[in-house]
Amino acid sequence: MCHTPEDTNSATAGVTALCCYRRTISLQTVSRRLHEGGLFALRPVVRVPLSPADVRAQLHWSHEHRSWTPEQWGHVLFTAESRFNIHNASRRAIIWREPGTHYRAPNVVERNHYRGGGLLIWAGIATNDLTDLYVFAGGSVTAVRYRDEILHPLVRPFIASMGTDAIFMDDNALPHRARLVRSYLESETIPQMAWPARSPDLTPIEHVWDMLGRRIAGRSVPPGTIHELQQALL
């Protein structure tokens with residue numbers, strides 16, 4: 001037997017009333033009420049998990065460099081690799097459409113369910129200059145490949161052209177931190193910027209990868225083969 005709200009104390013009156021007047025509520029009703037309250041179903045923000053030690057290291061690095069002038073940053077060569085795949089770059093593109101127009105031709109992007117392969121590329125940027133874009137020809141990037149394909153033919157002459165105050169920056173990928181690579185940089189007297197772990201968001205070249213991906217995704221005819229993807233990236 002249900003009690004009326006008057007038969008209960010104020011703390012349980014609302015719960016008792018709900019128990020007495022149960023009804024089925026559709027998902028559409030719940031969704032509509034949430035929307036009216038300003039809540040919408042959106043993808044969560046993805047971030048790299050950081051340990052307390054990672055946080056301390058990033059804060060320390062930021063405090064050390066927060067007073068750097070634009071001239072000092074102008075001596076840094078920021079470099080990184082990025083992977084671009086066929087058929088999934090279109091997820092970067094956003095369209096605006098009217099309700100009920102899902103399947104109209106301008107609102108449809110064709111994409112196979114398979115990834116179709118991709119390319120790993122490397123590049124570097126400085127304040128007033130940039131390196132050539134390098135496309136790795138398949139396989140994993142080892143310390144030897146990093147030295148022979150990137151450091152020696154691309155980074156070494158570029159750093160030399162920047163002058164005596166130039167600083168080389170790359171991330172903490174395993175091939176980048178191998179003993180062979182450290183020995184090569186020391187032998188060529190290439191100064192390397194200390195880089196805190198798990199901090200790709202601190203380097204401005206990440207914005208370059210994002211812009212490059214958006215430009216490719218915004219093409220009227222997206223790349224359909226590895227060769228077309230490579231030509232589009234270049």
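Helices here are DSSP runs of H or I with at least four residues, strands are runs of E with at least two, and both are numbered from the N terminus. Colour the protein that way and you get eight helices and five strands. Walk along the sequence and the order reads α-α-α-α-β-β-β-β-α-β-α-α-α.

Before clicking further, note that this is a predicted model, where local features need pLDDT of at least 70 and side-chain atom pairs count only at pLDDT 80 or more, while totals for chains, interfaces and linings use all residues. Residues are numbered from 1 along each chain as its sequence is written, and side-chain values use heavy atoms, with hydrogens and water left out.

**Stop 1: the whole protein**

Show everything. Of the 234 residues, 28% are buried (under 20% relative accessible area; exposed is over 50%, partly exposed in between, with a 1.4 Å probe and protein chains only). Now switch to the surface. The accessible area is about 16600 Å², with 56% of it belonging to carbon and sulfur atoms (Shrake-Rupley method, 1.4 Å probe; for residues, only the protein chains shown count as cover).

**Stop 2: a nonpolar patch**

Select I25, V30, L34 and L39, which make a nonpolar surface patch of about 360 Å². Patch residues have over 30% relative accessible area and no salt bridge, with nonpolar side chains (Val, Leu, Ile, Met, Phe, Trp, Tyr) joined within 5 Å and like charges within 9 Å. A salt bridge here is a side-chain nitrogen of Lys or Arg within 4 Å of a carboxyl oxygen of Asp or Glu. Zoom in on L34: this residue sits in helix α2 (residues 27–36) and is partly exposed, at 40% relative accessible area.

**Stop 3: the aromatic rings**

The whole structure holds six aromatic pairs. Rings of Phe, Tyr and Trp (its six-membered ring) pair if their centres lie within 6.5 Å; planes under 30 degrees apart are stacked, over 60 edge-to-face, and the rest tilted. Pick W68 and W73: their ring centres are 4.7 Å apart and the planes meet at 50°, so this pair is tilted. W68 is partly exposed at 22% relative accessible area, and W73 is partly exposed at 23%.

Next, select F84 and W209, an edge-to-face pair at 6.4 Å centre to centre and 70° between the planes. F84 belongs to strand β1 (residues 76–85) and W209 to helix α7 (residues 205–217), so the pair ties together parts 125 residues apart in sequence. Both F84 and W209 are buried.

Finish by selecting W61, W68, W73, F78 and W195, which form one aromatic cluster.
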